[in-house]
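Dear colleague,

I am handing over the structure below, and I would ask you to keep it open while you read the notes that follow it.

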Amino acid sequence: MMGVASVKEDIKAVIVAGFAGLVAGACSMAIGEFVSVCTQRDVEIAQMKREKLKGSSKSDGNDEKLPNPAQAAAASALAFAIGAVLPLLAAAFIRQPMVRMAVVVAVASVALVVFGVVGALLGRTPVAKSSARVLVGGWMAMGTTFGLTKLIGSNHGMQI
């Protein structure tokens, strides 16, 4: 949304870009999480087999502790979609382009902080550090998207 908003004031284009970003981002996060957790699961299974061959396995139901790739993928996609829908909804109701962009940044920032806090609480890590990391990372992504799209869309006469 930030990229398209940097070169186009039309609210429809911004909303379509936001929706496309939501779907693409949720799919990307889900697939990445699925692949990552599948790999982690494969490593853990291989380790359990090696331990069993050595005779050091206790067979205490470790299969139940294995990560679930589908569950991780669904959780990742849902988390991304929830985080992406908030600025999308906020943008849908604001007609002035500059105000819309400021509201998108503000709403996205609040969502990023909330996700940072939740992640820290679930992981039992320092809340301030986690929240700051997520917020700054989000700002960097928004700024990069805005800047590069503005550069490409404005200086090269592209019609978007």
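Leaving aside neighbours within four places in sequence, which residues is Ser-131 in contact with? Please bear in mind that this is a predicted model. With those neighbours left out, Ser-131 is in contact with Val-113, Gly-116 and Val-117. Ser-131 itself lies in helix H5, and because its relative accessibility is 10%, where buried means under 20%, Ser-131 counts as buried.

The next thing to look at is the largest nonpolar core, which has 13 residues, and in which Met-2, Val-4 and Met-142 are the residues with the most contacts inside the core. At least two residues of this core come from each of helix H1 (2–7), helix H2 (11–54), helix H4 (97–123) and helix H5 (127–155), and H4 gives the most, with 4 residues. If you select Met-2 and leave aside its neighbours within four places in sequence, you will find Met-2 in contact with Met-101, Val-104, Val-105, Met-142 and Phe-146.

With best wishes

Technical notes:
Residues numbered from 1 in each chain as written. Predicted model: local features only at pLDDT ≥ 70, side-chain atom pairs only at ≥ 80, totals over all residues. Heavy atoms only, no water. Core = buried A, V, L, I, M, F, W, Y, C linked by side-chain atoms within 4.5 Å. Buried < 20%, exposed > 50% of the residue type's maximum accessible area, 1.4 Å probe, protein only. Contact = heavy atoms within 4.5 Å.
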